[in-house]
Amino acid sequence: MARLGDGSGTPPEDAAENPSENAAEDASGEVTRAPAPPPGDARFRAVFRASAVAIAVTGLDGALLDVNDALLDLVGHSAEELAGRFTHDLVHPAERASVERISAVLASGRREHVRIEQRLLRGDGEIVNALITLSLVRDDDGAPAYQVAVVESLDEVRALQSQLLRQSLHDVRTGLPNRAQFVGWLEGAVGHRGPATLALVVFDLDGFRVVNDAFGHEAGDRVLAAVARHLRSVFGEVGELARIGPDEFGVLIRDPVDVPTVVALAEEAVDLLAEPVWVGENGIGVTASVGIVVRPARGGDAGELLRCVDVTVRWAKDDGKAQWALYDPERDRRERTRMRLAASIAGGLEQGEFRVFYEPVRSLTDGTLLAVEARVRWDHPTEGLLDPQTLLSLSTCTGMAVRLGAWAIEEACGHAGRWHAEFGDAAPVLSMDLTARQCQEPELVATVRRVLRESGLPARLLQFELGEHLPALISEEQVEELGILAEHGVRLVLDQMGGGNVPVDRVRRIPLSGVKYQGAPVQGLAEGANRIDESAAVAVLTWTGGLGVPLYAAGVRTEFEARRLAELGVTGAQGPLFGSELLTPDEVAAILGKS
């Protein structure tokens, strides 16, 4: 801080002790003293002295009384150079008149504060764009005493704003524009002044998390930078490239030549990404799943385009990764319908739209009803009855399989409990699918026991069918849970959908009550079947018969197949031969009543 006039650096509060140093002689020869800041305001002095913001104290006539170091740095003058100068001396000549008018308005007391943008002239001749806040300070009697000017460099502010804007629109690790800027490009491209067509290409790195987990984030950042370089080399001249996610890069191409050209560029980029990035002695390579959307641009919707390319990337990943996929509107339409259904399963359960139907399992000896296999169907208000296989895939993709499975167990056991109460030992076994995901539920045993207790269904009349891959998907602890269910009397049947010998280790791990076949082992016994298929079916069923557990068959179509299966030791069967329609709970009860 420097007091102006003598270069001594004495603050204005000392002016009361040195009146001659702050005096001037008017036209009549009388000496008048310019007002100075109040001597007792220590807080003002502390802020004035230490502030990084440029501050000046001026008289009512605009004379500079005091300035701090920040202002000296801003205008490029020393305190001695500003001694005896006025505020307008620091302003660009073209704007001095406006400064004088504003200062006069403040001096008159008609306004207390004014904010203006002005150009200042530095000591070296450079122009500084500044925002000046002028405030009027009054004395103890309320009369105008002096003015305080706070000066901010707009050049610095705008440079900071520009830097912040760039940081907000660019990725730090790769230097590429980020998702916000990419979305801005896309929104501009779909406007009325945009290109006729556009291509949107998104690269999603496959399993990039493995790189971070194995080598650390620093190595991962180097790989990302290398990916950015490769993509820049391919698309730098034809499109706008950005990093739009942690492991995603997007390219916007305006008016592409044609679809094959875009595909060729994507393939070139994928080939470059296969080159290893060396981090120390480790050559790290990545692959990418690529989604490509080529659409008319004008009048489009940026959000919808991003959704389409995200869907297309998922197709590439689902089809095996490390490849590209082209957007197919018809496939998208089908999948969107499917996803809407999947997302509304919870609502369907709450509205009571689900039903349990039953497929009869007949004895191949006398045709009696041995069991019924529960099949859940959705009585959708607009789509109608959805078949069990459709429902299974829908519930699996949304994680609703466990909740839906728990509901099905409770509902079906309720039906079976009523059959048992009415028909006693004539009631059939209730057979239900049990998935690997359901086996992972920690309360599976407790839930099943509770449902059996509440429904009154004996455990021996409940049978769970285990998919052929389930034993390999569950842990030893979950195998023990299945063992506990078996100890309580629940039956466990291995469903060999694909045929083939039952691996011995599966039999050892799970206490099976039976094995069920469908597909090739059943169809191979059809009349006129290929001799090789027939031999394979006979061998499989003969080998499994040696396990000492009952054998079942599904998908039986003809009497000939049923007879051959019975000859090979199969005791129960289901399929079109025994009725193609699923049965309601009441229809099952009616069959039992007739028998």
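Which residues of α16 are buried? They are Leu 444, Val 445, Val 448, Val 451, Leu 452 and Ser 455. Buried means under 20% relative accessible area, exposed means over 50%, and partly exposed is in between, with a 1.4 Å probe and protein chains only.

A word on the source. This is a predicted model, where local features need pLDDT of at least 70 and side-chain atom pairs count only at pLDDT 80 or more, while totals for chains, interfaces and linings use all residues. Residues are numbered from 1 along each chain as its sequence is written, and side-chain values use heavy atoms, with hydrogens and water left out.

Helices (H or I, at least four residues) and strands (E, at least two) are DSSP runs, numbered from the N terminus.

Back to α16. What do its buried residues pack against? Their partners are α14 (401-423), β19 (429-434), α15 (436-439), β20 (462-467) and α18 (476-487). Contact here means heavy atoms within 4.5 Å.

Now the length. Helix α16 has 12 residues, 444-455, and at 1.5 Å a residue it should span 16 Å; its end C-alpha atoms are 16 Å apart, which agrees. The expected span is 1.5 Å times one less than the number of residues.

Next, salt bridges. How many does the structure hold? There are 29. Each is a side-chain nitrogen of Lys or Arg within 4 Å of a carboxyl oxygen of Asp or Glu.

Take Arg 307 and Asp 332, bridged at 2.5 Å, N to O. They link distant parts of the chain, 25 residues apart: Arg 307 is in helix α10 (residues 302-318) and Asp 332 in helix α11 (residues 329-343). Arg 307 counts as partly exposed because its relative accessibility is 22%. Asp 332 has 3%, so it is buried.

Last pair: Glu 465 and Lys 516. Their closest N and O atoms are 2.7 Å apart. Glu 465 is in strand β20 and Lys 516 in strand β22 (residues 514-517), 51 residues apart. Both Glu 465 and Lys 516 are buried. Through shared partners, salt bridges join Glu 359, Glu 373, Arg 375, Glu 465, Asp 495 and Lys 516 into one network.
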